[in-house]
2 protein chains.
Amino acid sequence: MERNYKTQMEAARKGIITPEMKIVAKKEYRTEEEIREWVAKGQVAICANKNHKCLDPEGVGSMLRTKINVNLGVSRDCKDYDVEMKKVQAAVDMGAEAIMDLSSHGDTIPFRRKLTTECPAMIGTVPVYDSVIHYQRDLATLTARDLIDVVRLHAEDGVDFVTLHCGITRHTIDQIKKHKRKMNIVSRGGSLIFAWMCMTGNENPFYEYYDEILDICREYDVTISLGDACRPGCLADAGDVCQIEELVRLGELTKRAWEKDVQVMVEGPGHMPMDQIEANMKIQQSICMGAPFYVLGPLVTDIAPGYDHITSAIGGAIAAASGAAFLCYVTPAEHLALPNVDDVKQGIIASKIAAHAADIAKKIPHAMDRDNKMGDARRTFDWEGQWAVSIDPETAKAIRDSRAPEHDDTCSMCGKFCAVRSMNKALEGEYIDIL
Amino acid sequence: MERNYKTQMEAARKGIITPEMKIVAKKEYRTEEEIREWVAKGQVAICANKNHKCLDPEGVGSMLRTKINVNLGVSRDCKDYDVEMKKVQAAVDMGAEAIMDLSSHGDTIPFRRKLTTECPAMIGTVPVYDSVIHYQRDLATLTARDLIDVVRLHAEDGVDFVTLHCGITRHTIDQIKKHKRKMNIVSRGGSLIFAWMCMTGNENPFYEYYDEILDICREYDVTISLGDACRPGCLADAGDVCQIEELVRLGELTKRAWEKDVQVMVEGPGHMPMDQIEANMKIQQSICMGAPFYVLGPLVTDIAPGYDHITSAIGGAIAAASGAAFLCYVTPAEHLALPNVDDVKQGIIASKIAAHAADIAKKIPHAMDRDNKMGDARRTFDWEGQWAVSIDPETAKAIRDSRAPEHDDTCSMCGKFCAVRSMNKALEGEYIDIL
């Protein structure tokens with residue numbers, strides 16, 4: 001069936017309810033008309049490349065369930081595509097709504113195409129990472145044309161969203177030098193663009209040729225995820241002029257994208273003290289006119305390497321409850337090493353907890369259903385019922401089984417001192433034996 | 001040297017700066033006069049039993065560094081006192097400011113006395129747990145006198161703070177029955193008092209004989225930690241009439257304690273949706289006139305057994321940033337089993353992260369010093385400098401070493417795509433090789 005629209009946003013603006021909108025509406029307990037209206041306004045992005053045929057579509061927006069992304073992909077130190085594909089499957093099984101393929105080694109095309117052929121999650125990429133690998137030429141030798149051509153290649157391959165650091169310019173070079181940030185630029189893609197500008201003397205191609213980028217994205221319905229090159233890399237840099245000036249530029253770029261019916265997400269911090277997070281989310285919402293905010297963290301302290309899935313769960317939960325729509329997972333290996341399979345799992349679970357806690361706080365429809373079932377199962381010592389609604393039933397069960405209690409109506413934490421046991425007996429007028 | 005005051009609060013009110021206040025002032029970068037004034041008002045508690053000679057005193061108050069407590073103690077399923085003493089030492093080494101001895105098996109006296117003789121952290125207990133064990137008689141057979149005598153015993157033994165569930169009464173029995181909470185009472189001590197009231201037909205002795213309790217606490221300077229029997233045990237019960245009515249009663253009891261110069265902390269939730277936490281902290285602050293708030297959690301979702309150190313780090317960070325002064329750690333084994341050594345470690349680290357993140361948000365003096373050092377160390381690839389300010393250097397180092405990078409100016413996460421490396425070279429005008 002031929003589509004009489006290029007993008008979900010164009011369809012929404014023409015009053016068309018797409019098949020993707022119908023699916024999203026059902027998943028979110030919203031009407032199709034609500035979803036259409038939000039997509040038309042840019043407040044919900046349905047990242048759905050027309051070439052990603054096996055996609056199970058999701059909507060990204062602050063009024064919908066908070067989505068999470070998992071970064072994967074082969075690298076020089078971990079080049080086994082089969083292992084990586086297993087991680088993808090595990091991530092989808094654990095509830096990741098998006099996978100970003102950050103591969104930076106070898107022949108990246110087959111893996112990317114395998115993803116858009118077999119994986120139902122939204123697929124994202126950062127084309128600038130791939131450019132060096134794709135051409136097998138060092139960064140300084142690449143032309144603006146080369147960089148744009150990689151974006152087109154990813155679009156053709158069915159990628160649903162691409163991170164492009166369009167918001168930094170040659171002006172940023174002076175600003176970063178003058179401002180003396182503690183951590184300068186910690187965005188990988190942002191630093192590559194910065195380095196490319198420094199070495200070539202040219203303007204950021206993703207900024208200079210933004211209109212051409214928009215044409216590519218419009219053609220395939222690729223959502224632009226506007227990268228935040230200047231996201232703070234430590235608490236001290238949070239909310240400084242570099243970050244906020246880039247955000248202002250991302251707001252302008254959002255508007256230009258929407259004029260061509262191209263869907264947009266905006267990327268955000270980063271490292272940030274807890275007390276700044278809510279304000280940052282609100283500023284993004286106003287400056288970027290409600291475009292979905294996709295945050296990496298925020299990490300609420302810098303001193304917990306090995307535990308940044310936790311620092312990021314704290315910040316991510318607050319961010320999502322304050323308006324962020326999409327959380328990029330952070331693993332315990334962040335700042336230290338490439339995550340292994342267990343790190344990936346820990347990162348996903350921490351992000352899911354943050355997203356879920358925020359959804360409850362935001363009163364997303366039915367967000368608390370599972371929590372209510374858990375309460376009932378706990379009160380009645382229905383252990384199977386508890387596992388059924390647990391975020392990771394195997395782990396929970398393993399902990400209980402490893403230190404089994406004497407009596408099945410308790411656990412080994414409290415034994416016969418169990419409050420639930422005492423209360424159930426007390427409310428039934430029974431004798432309560434503790435000793 | 002004879003003290004001419006009974007409690008820190010009495011001294012403060014008489015204008016005396018105690019040795020403990022001097023130490024606290026130094027640790028907190030505050031003047032001795034500031035500390036004295038807060039202790040006099042009850043806004044800071046220095047839990048320091050006169051018989052706990054080896055105590056390294058700490059102040060608990062919302063304007064000071066957030067403190068954390070670690071629950072330990074032998075139980076029927078884990079009866080080795082030597083193992084437990086090693087956990088205590090490990091907890092102190094990891095930065096726990098308080099240890100609650102929740103022992104519920106065997107001869108509890110020697111362990112408790114060992115703690116107050118050898119452990120520099122604040123020691124807390126829940127006397128009602130110990131009562132059944134101490135008398136080796138079941139709950140229904142104990143008299144009000146028996147229960148009060150155990151409080152006196154703990155006070156004599158040098159315990160710095162005791163959790164007493166003074167805020168529930170016979171009225172609570174009807175209220176719990178009528179209100180039909182999903183999880184009734186989940187506080188262990190609270191459920192024991194509830195059960196005792198149901199079985200004996202008597203009033204809560206900790207409420208009925210509160211004045212006598214205060215006299216004991218005044219004599220030894222034991223801080224009363226007013227237990228919240230009705231703290232919500234699931235999100236659905238949060239902020240209900242049972243919880244808030246008890247809080248109102250705890251406010252009244254706080255005032256009565258202060259009239260006798262007895263120091264007070266107030267205990268709080270529990271399970272609670274994120275969006276209710278700040279309001280709950282503010283209500284406690286007003287109802288209890290600024291008495292330090294000691295929270296267990298709050299856990300921001302019910303569905304993550306096995307990961308409740310994370311759900312509690314999210315809630316604890318928000319709580320502390322909104323006014324809570326003291327966080328009780330929660331381990332991954334919560335709701336499932338007695339925590340083992342690794343669970344204890346994971347629980348402590350998650351709590352320390354939450355406390356630290358909140359201290360930064362609250363702008364506690366010097367709270368961000370270590371974070372700033374981390375930023376500098378990261379920018380300069382000073383790995384030793386990073387470990388020096390890390391919350392758990394061994395774990396961080398082990399992750400990096402397990403997947404070592406090719407080049408020392410990167411880590412295996414990004415390799416030569418490292419943003420810090422690219423930026424350092426770019427800002428020095430160097431060529432950036434990526435391939």
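In the predicted model, A:Glu10 is in contact with A:Tyr5, A:Arg218 and A:Asp261, neighbours within four places in sequence being left aside. A:Glu10 belongs to helix 1 of chain A, which covers residues 8–13. With a relative accessibility of 10%, A:Glu10 counts as buried, because the limit for this class is under 20% relative accessible area. A:Asp261, one of the contact partners of A:Glu10, is placed in the loop between helix 12 (241–259) and strand 8 of chain A. A:Asp261 likewise counts as buried, at 14% relative accessibility. Its backbone has a positive phi of about 60°, although A:Asp261 is not a glycine.

Most residues other than glycine have a negative phi, and most peptide bonds are trans. A:Lys363, not a glycine, has a positive phi of about 60°. A:Lys363 is situated in the loop between helix 15 (341–361) and helix 16 (369–379) of chain A, and its relative accessibility of 60% places A:Lys363 among exposed residues. A cis peptide bond leads from A:Pro269 to A:Gly270, with omega near 10°. A:Gly270 is part of the loop between strand 8 (264–268) and helix 13 of chain A. In chain B, the peptide bond from B:Gly297 to B:Pro298 is cis, with omega near -10°. B:Pro298 is found in the loop between strand 9 (293–296) and helix 14 (308–321) of that chain.

The fold of chain A comprises 19 helices and ten strands. The radius of gyration of chain A, 23 Å, is close to the 22 Å given by the globule rule for 435 residues, so chain A is as compact as a globular protein of that length. The C-alpha trace of chain A spans about 80 × 50 × 40 Å along its principal axes. Of the 435 residues in chain A, 65% count as buried. Among contacts in chain A with a separation of 6 or more, 71% are between residues 24 or more positions apart. Chain A exposes about 14300 Å², of which carbon and sulfur atoms supply 50%.

Within chain A, A:Asp149 forms a salt bridge with A:Arg152, with 3.1 Å between the closest N and O atoms. Both residues lie in helix 7 (residues 144–156) of chain A, where A:Asp149 and A:Arg152 are three residues apart, about one turn of the helix. A:Asp149 is partly exposed at a relative accessible area of 28%, and A:Arg152 is partly exposed at 27%. A network of salt bridges links A:Lys27, A:Glu28, A:Asp56, A:Glu58, A:Arg65, A:Lys67, A:Glu97 and A:Lys352.

In chain B, a salt bridge joins the side chains of B:Lys50 and B:Glu219 (3.7 Å, N to O). B:Lys50 lies in the loop between strand 1 (45–46) and strand 2 (59–60), and B:Glu219 in helix 11 (residues 210–220), so this pair ties together parts of chain B that are 169 residues apart in sequence. B:Lys50 is partly exposed, with a relative accessible area of 32%, and B:Glu219 counts as partly exposed at 32% relative accessibility. The side chains of B:Asp157 and B:Arg113 also meet in a salt bridge (2.6 Å, N to O). This pair links distant parts of the chain, 44 residues apart: B:Asp157 is in the loop between helix 7 (144–156) and strand 6 (161–164) of chain B, and B:Arg113 is in helix 5 (residues 108–118) of chain B. B:Asp157 counts as buried at 7% relative accessibility, whereas B:Arg113 counts as partly exposed at 39%.

The arrangement of the two chains was also examined. Chain A is superposed on chain B by a rotation of 180° with 0.0 Å of shift along its axis (RMSD 0.0 Å). This is the relation of a two-fold axis. Among the residues of chain A, A:Ile314 comes closest to the rotation axis, with its C-alpha at 2.3 Å. Of the interface residues of chain A, 100% are also interface residues in chain B, so the copies meet through the same surface.

How values were computed:
Residues numbered from 1 in each chain as written. Chains lettered and ligands numbered in written order. Predicted model: local features only at pLDDT ≥ 70, side-chain atom pairs only at ≥ 80, totals over all residues. Heavy atoms only, no water. Least-squares fit on C-alpha atoms with pLDDT ≥ 70 in both. Contact = heavy atoms within 4.5 Å. Helix = DSSP H or I, 4+ residues; strand = E, 2+ residues; numbered from the N terminus. Rg over C-alpha atoms; globule rule 2.2 N^0.38 Å. Buried < 20%, exposed > 50% of the residue type's maximum accessible area, 1.4 Å probe, protein only. Areas by Shrake-Rupley, 256 points an atom, 1.4 Å probe, with all protein chains shown as cover. Salt bridge = Lys/Arg side-chain N within 4 Å of Asp/Glu carboxyl O.
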